[in-house]
Structure formats: C-alpha cells, structure tokens
Amino acid sequence: MADDGSVNVLDSDGLAVASATTPWAKDANGSSIPTHYEVDGNSITQIIDRGDTNWKYPIVADPNWWQITKCVGSLAWVVGSAVFSVAKIAKIKKYINAFGGLTKTARLLLGATSAAEKATAIGKGFLTFAASVTGVDGVYTHCIKGK
C-alpha cells in the first residue's frame, strides 16, 4: 500500500505485476465520496466510507484500475520475456525505470490520448519507448489503445 492509497502487487522479485490506482468514488451528482482500499493477504477491497446519507445513487467507484493492471502485466511480460533481443529489453527497461517503474509507465501510456500529448507529457523518450513496444500485441492492446 502506497502513501497515496494506491496498491501495487509485486512478484517474488519485487516487480509490480498489477496496480490499483488511488481509490476514488463519486455519486450520480459527481460529488466525491470518501473511499479507501483494505488489503488482506492477497485480496484488495475498496471500501466506501459510509457517513453522508445524502448521496445520489448510483455510486461509481474506481472503474479504471483494471486497465492499468492489464497494461502493467503486459509491460512486465515484455521485460521478462526471452522473445526479444537483450538490447531491446535493456532499452525498454531503461525507459520504464526513467518513467518511474511499471505502474507509472502504464499510467503515462494510458493517460495520454495522442502522440503529441505523450510527447508533451514526458518528451521524445516516451515516443521511442512506445515505438519499441507498439509491435507487441499485449502492450499495444492494453497500453497504447487502452482497451
């Protein structure tokens, strides 16, 4: 569990293989509702803090964490794969580390909506990184296209 309330799931090597972003919830009027995660062993549960009874239902709670998890998993597969050349894996690892790790890289890939926005967000390195992994089906599907 991170200080911002997000949760990273790590493999035995300490590499993030899944991530739940900082939790949020809103009611039908768009009002923020207090929420947090609880971790119990291998389970992550999002808790809606019941306090205010004036909420307008339905309540939407953090629907985007699964997309980041799929993207992180795809990136982790590329890094751990023997399918690519050592030089290409080293280059991809360099960019992932420069962007702050797998979860931050996934958030950057998913958060920017165009090549121009991606370039503005983190510079040319991002486009080089994206070009390096665009041909990888899982990364392209789960990170670039955002499906």
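What percentage of the 147 residues of the protein chain count as buried? And which residues have the most contacts inside the largest nonpolar core?

Mentor: Before we dig in, remember that this is a predicted model, where local features need pLDDT of at least 70 and side-chain atom pairs count only at pLDDT 80 or more, while totals for chains, interfaces and linings use all residues. Residues are numbered from 1 along each chain as its sequence is written, and side-chain values use heavy atoms, with hydrogens and water left out.

Now, your percentage: 33% of the 147 residues count as buried. Buried here means under 20% relative accessible area, exposed means over 50%, and partly exposed is in between (1.4 Å probe, protein chains only).

To get your bearings, count six helices and six strands; along the sequence they run β-β-β-β-β-β-α-α-α-α-α-α. Both are DSSP runs numbered from the N terminus: helices are H or I with at least four residues, strands are E with at least two.

On to your part. The largest nonpolar core has 22 residues, and those with the most contacts inside it are Leu75, Val78, Ile92, Leu109, Phe129 and Val139. Five helices each supply at least two residues of this core: H1 (65-80), H2 (86-98), H3 (102-111), H5 (124-134) and H6 (137-144). H1 gives the most, with seven. By nonpolar core I mean a set of buried Ala, Val, Leu, Ile, Met, Phe, Trp, Tyr and Cys residues joined through side-chain atoms within 4.5 Å.

Zoom in on Ile92. Leaving out residues up to four places away in sequence, Ile92 touches Val78, Val79, Phe129, Ser132 and Val133; a contact means heavy atoms within 4.5 Å. Across the whole chain, if you take contacts between residues at least 6 apart in sequence, 54% join residues at least 24 apart.

Two residues show you both ends of the scale. Val72 sits in helix H1 and counts as buried because its relative accessibility is 0%. C-alpha to C-alpha, Val72 is 9.5 Å from Gly101, though 29 residues separate the two in sequence. Lys94 belongs to helix H2, but it counts as exposed because its relative accessible area is 54%. From Lys94 to Phe129 the C-alpha distance is 9.2 Å, with the two 35 residues apart in sequence.

How far should you trust all this? The chain averages a pLDDT of 75, and 73% of the residues score at least 70; pLDDT is the predictor's confidence in each residue, from 0 to 100. Where pLDDT is low, the predicted coordinates should not be read in detail.

You'll find Pro58 in the loop between strand S5 (43-48) and strand S6 (60-61).
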